[in-house]
Amino acid sequence: MALVSAKDMLEKAKAGHYAVGQFNINNLEWTKSVLTTAQELNSPVILGVSEGAGKYMTGYKTVAAMTEAMIEELGITVPVALHLDHGGYEGCKKCIEAGFSSIMFDGSHLPFDENVAKTTELVALTKKKGLSIEAEVGSIGGEEDGVVGAGEIADPQECKKISDLGVTMLAAGIGNIHGVYPENWKGLDFGALDKIQALTGDRPLVLHGGTGIPDDMIKKAIGLGVSKINVNTECQLSFAAATREYIEAGKDKQGKGFDPRKLLAPGAEAIKNTVKEKMELFGSVGKA
Ligand SMILES: [Zn+2]
């Protein structure tokens, strides 16, 4: 199955009160782990690619070609969207050209009018090509690929304005942040989420910074209209921990344990476990 827009899977999720996970990828192992887990669990999935990760993988064309080919070679039949995460205006255009099936235009740091203007233009472009587009209001806190956000609470009226432009899904800051949550984090602002949901209706809402949000808060957010949840840091942490364990146990020095296919295997397996846990929590298992 070729890459698909995230529109159908997210509208189904919103109507069915579950969420589809976006798992950010960094390389071949990451992509393979996420795709095979989605297939095993019969779950739709969104592969997220930040601009930094795109550059790391030598460019968006490489990422799109690798993902398309991997879907074919692995016989993946569940719906897979390849999505630019926190794209700038130029990045969005490049990904559309490279064959991504979904983009996020993050204009949250721009003056609101400019966010509206650029989002409008990109909505028209994605509609013409049958791609999905995510927009953002209220920056997400924390740091991701050098983009630092303060963790604002989005203005519900601004959310409605951006949603009404015809975006596929909307990311709205509700106190969530990227990376690991600090000890004194106040939690998600469900009052704000409720107001945003009331004004944006059936529009699928996106929760960024899914790592470290307690399970009950995730479930409550899904109940209040969140139908896409982004997970990035958690896969990185589980990959690193499993790799550390392998090396600290001296396994790379036993036999051919230094073989990269062996060295990277525990990390790849750890990503699979994290993805599985999240898909079960989000309720997307069996929904492909
Ligand atoms: Zn994000």
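This is a predicted model: local features need pLDDT of at least 70, side-chain atom pairs count only at pLDDT 80 or more; totals for chains, interfaces and linings use all residues.
# Notebook: barrel strands and their helices

I started at Asn 115, which touches Phe 105, Gly 107, Ser 108, Leu 110, Glu 136 and Ile 162, leaving out residues up to four places away in sequence; contact here means heavy atoms within 4.5 Å. Asn 115 sits in helix H6. Helices (H or I, at least four residues) and strands (E, at least two) are DSSP runs, numbered from the N terminus. Buried is under 20% relative accessible area, exposed is over 50%, and partly exposed is in between (1.4 Å probe, protein chains only).

Residues are numbered from 1 along each chain as its sequence is written, and side-chain values use heavy atoms, with hydrogens and water left out.

**Overall**

I get 12 helices and 10 strands for the protein. The C-alpha trace spans about 60 × 45 × 35 Å along its principal axes. A compact globule of 288 residues would have a radius of gyration near 19 Å, and the protein agrees with that at 18 Å. That radius is taken over C-alpha atoms, and the globule rule is 2.2 Å times the number of residues to the power 0.38. Of the 288 residues, 55% count as buried. For contacts with a separation of 6 or more, 71% come from residues 24 or more positions apart.

**The barrel**

Which strands make the closed barrel? I traced eight of them, in the order S1-S2-S3-S4-S5-S8-S9-S10, with parallel pairing. Two strands pair if DSSP finds at least two bridges between them. From one strand to the next, the twist averages 25°. (Axes are lines fitted to C-alpha atoms, for helices over the stretch in contact, and angles run from 0 to 180 degrees between N-to-C directions.)

I then checked S10 (residues 226–231) on both of these pairings. With strand S9 (residues 205–207), S10 pairs in the parallel sense over three bridges. Val 206 stands opposite Lys 228 in S10, and Leu 207 has Ile 229 as its bridge partner there. With strand S1 (residues 20–24), S10 pairs in the parallel sense over four bridges. Ile 229 turns up again as the bridge partner of Gly 21. S10 is mostly covered, with six of its six residues buried.

**Strand S4 and Met 104**

S3 and S4 pair in the parallel sense over three bridges, and Gly 87 has Phe 105 in S4 as its bridge partner. Is S4 covered on one face or both? Both: Ser 102 and Met 104 on one side are buried, as are Ile 103 and Phe 105 on the other. Met 104 has a relative accessible area of 0%. I listed the contacts of Met 104 beyond four places in sequence, and they include His 83, His 86, Cys 92, Glu 134, Glu 136, Ala 171 and His 208. Gly 87 is 17 residues from Met 104 in sequence, and the two are 5.6 Å apart in space, C-alpha to C-alpha.

H5 lies across strand S3 (80–87) and strand S4 (102–105), running at about 175° to S4. Helix H8 (residues 190–200) packs on the sheet too, touching strand S8 (169–172), S9 and S10, and its direction makes about 155° with that of S9.

Next I looked at helix H5 (residues 89–98) against helix H6 (residues 112–129): they pack at an angle of about 5°, with axes 11 Å apart. That makes H5 roughly parallel to H6, since angles under 35 degrees count as roughly parallel, over 145 as roughly antiparallel, 65 to 115 as roughly perpendicular and the rest as oblique. From H5, Tyr 89, Cys 92, Lys 93 and Ile 96 meet Lys 118, Glu 121, Leu 122, Leu 125, Thr 126 and Lys 129 in H6.

**Two positive phi values**

Most residues other than glycine have a negative phi. His 86, in strand S3, has a positive phi of about 50° although it is not a glycine. His 86 is buried, with a relative accessible area of 15%. Asn 42 also has a positive phi of about 50°. I found Asn 42 in the loop between helix H2 (28–40) and strand S2 (45–50), partly exposed at a relative accessible area of 37%.
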